[in-house]
Amino acid sequence: MYDRINSDDVESLCNKIQQITINNNNVMNHDTNKIIHNYFNQGIKGQEILLNTLINRRIIKKDTLLLIDGLIFDYLMLSQNQQITDKLNSMFPTGIVQLKSSLKLNYETLQKLLIHKKFKEADKLTQEHLCNLAGLYSKNKRTWLYFTDISFIPSEDLCTLDLLWQIYSRGKFGFSIQRKIWILNNYNWEKFWVQIGWVNKGIMRRYPQEFIWNINAPAGHLPLFNQLRGNQVLSSLFEHIAWTTNKSIK
């Protein structure tokens, strides 16, 4: 089946991806989605092109991971063709994000939850990982972070967690996304809460029932942080050295 794929088609899509990335600064928009949607709707031929493009970029050439790679993967996960899904699972058994961890933590479960858009479960696991990274579980039984804990979180792991959320939400969710929104609002917390949807009609949403656990949530809505203890923890997270040393998605 894959021998039928014209390499020129794959190369053409790879070139389109590079141009889209340059033009849009690796930000997802309607036109980007439309291009991938059109390929997917061509049926088996278009889906083969998408799959082989992803294999070419991520496995053969090991190109920089882009948001559009996550979009392609999302579409292929929806395929009704057994050959496509079998090949996808064979080539990317745990997902398309390379799981890097300075402390050798295993993020495969989190990646699986995000792939299947189980955002509520992924949010809870993300908080557990952050506590673990900060050394809380080895020091005491506390299951929440203080602002003084944040600096102990390794940059590599924080970037991996952020990347997982970005890639499987089409660039809508993640700590770095929240940080950008915070900066664009001139560090105004009240405006920030409203824009990411944590405040509704002037009142902080109640966990978990009032938060939005799907891809239609506002940009930056996930992952969550407990604001009952104030803004210091999230402020420390946004000021983490990871964001100045990690400039792009890898």
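Lys104 is exposed, with a relative accessible area of 73%. Exposed means over 50% relative accessible area, buried means under 20%, and partly exposed lies in between (1.4 Å probe, protein chains only). Lys104 sits in the loop between α5 and α6. Its phi is near 60°, a positive value in a residue other than glycine.

This is a predicted model: local features need pLDDT of at least 70, side-chain atom pairs count only at pLDDT 80 or more, and totals for chains, interfaces and linings use all residues. Residues are numbered from 1 along each chain as its sequence is written, and side-chain values use heavy atoms, with hydrogens and water left out.

- Eleven residues from domain 1 and nine residues from domain 2 take part in the contact. Contact means heavy atoms within 4.5 Å.
- The size of an interface is often given as the accessible area lost when the parts come together.
- Here domain 1 and domain 2 bury about 840 Å² between them, with 69% of it on carbon and sulfur atoms. Buried area is the accessible area (1.4 Å probe) that two parts lose on being put together, summed over both.
- Leu65, Leu67 and Asp74 supply 50% of the area that domain 1 buries against domain 2, more than any other three residues.

**Charged links across the interface**

- Two salt bridges are counted between domain 1 and domain 2. A salt bridge is a side-chain nitrogen of Lys or Arg within 4 Å of a carboxyl oxygen of Asp or Glu.
- Asp74 forms a salt bridge with Arg170, and their closest N and O atoms are 3.3 Å apart.
- Helix α4 (residues 67-77) gives the most to the side of domain 1 that touches domain 2, with seven residues. Helices (H or I, at least four residues) and strands (E, at least two) are DSSP runs, numbered from the N terminus.
- Arg170 lies in the loop between α9 and α10 (175-184).
- Arg170 counts as partly exposed because its relative accessibility is 28%.
- Arg170 has a positive phi of about 60°, although it is not a glycine.

- Leu110, Gln111, Leu113, Leu114 and Ile115 are buried in α6.
- The buried residues of α6 pack against α4, α7 (119-133) and α9 (155-167).
- Just after α6, Lys117 takes a positive phi of about 60°.
- Thr94 is in the loop between α5 (82-91) and α6 (108-115).
- Thr94 counts as partly exposed because its relative accessibility is 33%.
- Leaving aside neighbours within four places in sequence, Thr94 is in contact with Glu108, Gln111 and Ile115.
- Thr94 and Thr109 are 15 residues apart in sequence, and their C-alpha atoms are 8.7 Å apart in space.

- A cis peptide bond joins Tyr207 and Pro208, with omega about -5°.
- Pro208 lies in the loop between β2 (203-204) and α12.
- The peptide bond from Leu222 to Pro223 is cis, with omega near 0°.
- Pro223 is found in the loop between β2 and α12.
- Ser236 belongs to helix α12 (residues 232-238).
- Ser236 counts as buried because its relative accessibility is 18%.
- Ser236 touches Phe147 and Ile150, not counting residues up to four places away in sequence.
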